[in-house]
Amino acid sequence: MKHGNIIIKNAAQLVTCSGFSAKKGREMSNLSVIENGTVIVSGGIITYVGKDANCPPLSDFPNHEIIDATGKAVLPGFVDSHTHFIFGGYREEEFSWRMRGDSYMSIMERGGGIHNTMTATRNASFDELKNSGRKRLNSMLAMGVTTVEGKSGYGMDKATELKQLEVMKSLNEEHAVDIVSTFMGAHATPTEYKGRENDFLDYMIEKVMPEVKEKKLAECCDIFCEKNVFDIEQSRRYLTAARDLGFKLKIHADEIVTLGGAELGAELKALSADHLLQASDKGIGDLAESGVVATLLPCTAFSLKEHYARGRYMIDSGCAVALATDLNPGSSFTNSIPLLFALACIYMQLSPEEALTALTINGAAAVGKADKIGSIDIGKQGDLVILEYPSYKFLPYHIGMNIVEKVIKKGQLISR
Ligand code: NIG
Ligand code: FE
């Protein structure tokens with residue numbers, strides 16, 4: 001997309017979230033807020049951040065659109081660092097079953113769950129996936145998301161895994177939201193490999209992963225490390241092969257049972273270990289020490305009626321915590337940023353400051369891009385959000401409401 005020129009002045013709060021790497025523990029509370037602030041974006045890149053009073057004369061910046069943000073807070077664009085937004089079909093029946101008492105894993109074990117979406121995704125055309133994906137990106141953008149991570153993993157065969165990743169590549173070229181793609185061939189074992197998990201992993205490692213790399217279709221690689229899905233040893237093997245090919249690593253870790261996925265994420269220096277509802281004290285300590293981002297997905301816990309990950313404890317232990325929606329048709333059919341903020345603050349005891357750090361600079365770190373996005377710093381991409389209220393504190397407080405008034409992507413005013 002075109003790189004724009006824009007000046008936003010008189011911001012009641014310019015919430016910079018300043019930084020070029022993940023913030024850990026207590027650092028997460030420091031948002032570096034400038035009152036009565038101006039930000040200037042030239043050619044898509046931030047060139048000035050500071051007080052209105054110190055700003056160079058605006059006449060020095062011809063061809064810049066000017067926005068008056070009096071009474072409004074200006075923030076970095078949000079980074080939703082964990083989603084599965086390209087999928088075929090829906091699972092509304094399974095939602096009813098879960099509300100009646102069936103567990104997520106019991107539905108998966110009888111052929112539903114991820115397998116249900118796998119069949120629908122294999123059957124969906126490129127254009128069907130692209131059209132539904134575009135609608136979801138539009139909705140994300142309206143809620144202030146300027147970068148999203150998207151995973152494959154509903155193919156579990158070469159053709160469909162590549163199809164999902166190619167859909168994301170094509171959407172990335174046309175849509176304002178930047179997409180960071182993750183190959184997640186090891187999301188579950190497909191029916192044709194039932195009982196032969198290791199053979200399936202061999203197939204993914206030998207036949208699919210190298211082609212994904214060669215075609216430059218994904219930057220990261222992820223696995224569902226879980227009891228009755230892929231164990232620690234299998235996850236280590238798959239992720240090590242991915243690392244050897246040059247992928248950055250992510251891991252679905254300790255979601256349903258305590259398996260040691262957090263420890264494995266730390267050992268392998270993954271970008272992030274995600275879910276962590278059942279992460280042990282040792283696993284949390286390892287994440288804090290290694291600096292691997294702990295990505296928490298409270299919308300999933302809410303939707304599955306599970307208890308929440310120990311976000312407060314993780315931050316107090318020195319972890320870098322990120323927040324993401326986990327948008328997918330099963331465990332979290334939502335890309336709602338307002339819901340995410342409310343759940344993180346109300347049920348995981350994050351402060352509004354910590355939640356905002358988790359969704360900006362730490363989300364950027366969780367996709368390996370903290371040097372380019374996630375904060376309002378000179379030299380970073382001009383991805384910004386303007387709220388209709390004067391303070392970021394309205395984000396969790398105005399529960400479930402979208403208070404994003406304008407979104408700027410690479411210096412271009414996009415919405416509303
Ligand atoms: O992150 N836990 C595994 N994968 C997804 C859910 C995928 C699905 O149910 O379709 C998750 O929750
Ligand atoms: Fe997920």
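Strands here are DSSP runs of E at least two residues long, and helices are runs of H or I of at least four residues, both numbered from the N terminus. This is a predicted model, in which local features need pLDDT of at least 70, side-chain atom pairs count only at pLDDT 80 or more, and totals for chains, interfaces and linings use all residues. Residues are numbered from 1 along each chain as its sequence is written, while chains are lettered from A and ligands numbered from 1 in the order in which they are written.

**View 1. His252 sits in strand β10 (residues 248-253).** His252 counts as buried because 29 C-beta neighbours lie inside 10 Å (buried means 20 or more other C-beta atoms within 10 Å, exposed 12 or fewer, partly exposed in between, with C-beta atoms placed from the backbone). Beyond its neighbours within four places in sequence, His252 has contacts that include Asp222, Phe224, Glu226 and His275 (contact means C-beta atoms, placed from the backbone, within 7 Å).

**View 2. His84 lies in the loop between β6 (78-80) and α1 (92-100).** With 25 C-beta neighbours inside 10 Å, His84 is buried. Setting aside neighbours within four places in sequence, His84 touches Lys151, Gly153, Leu327 and Asn328.

**View 3. His82, His84, His252 and Asp326 carry the feature "binding site" in an unreviewed UniProt entry.** These residues spread over 245 residues of sequence yet cluster in space, with a largest C-alpha distance of 12.2 Å. UniProt positions follow the numbering used here, feature names are shortened, and annotations may be inferred rather than shown by experiment.

Terms used. Two residues are in contact if their C-beta atoms, placed from the backbone, lie within 7 Å.
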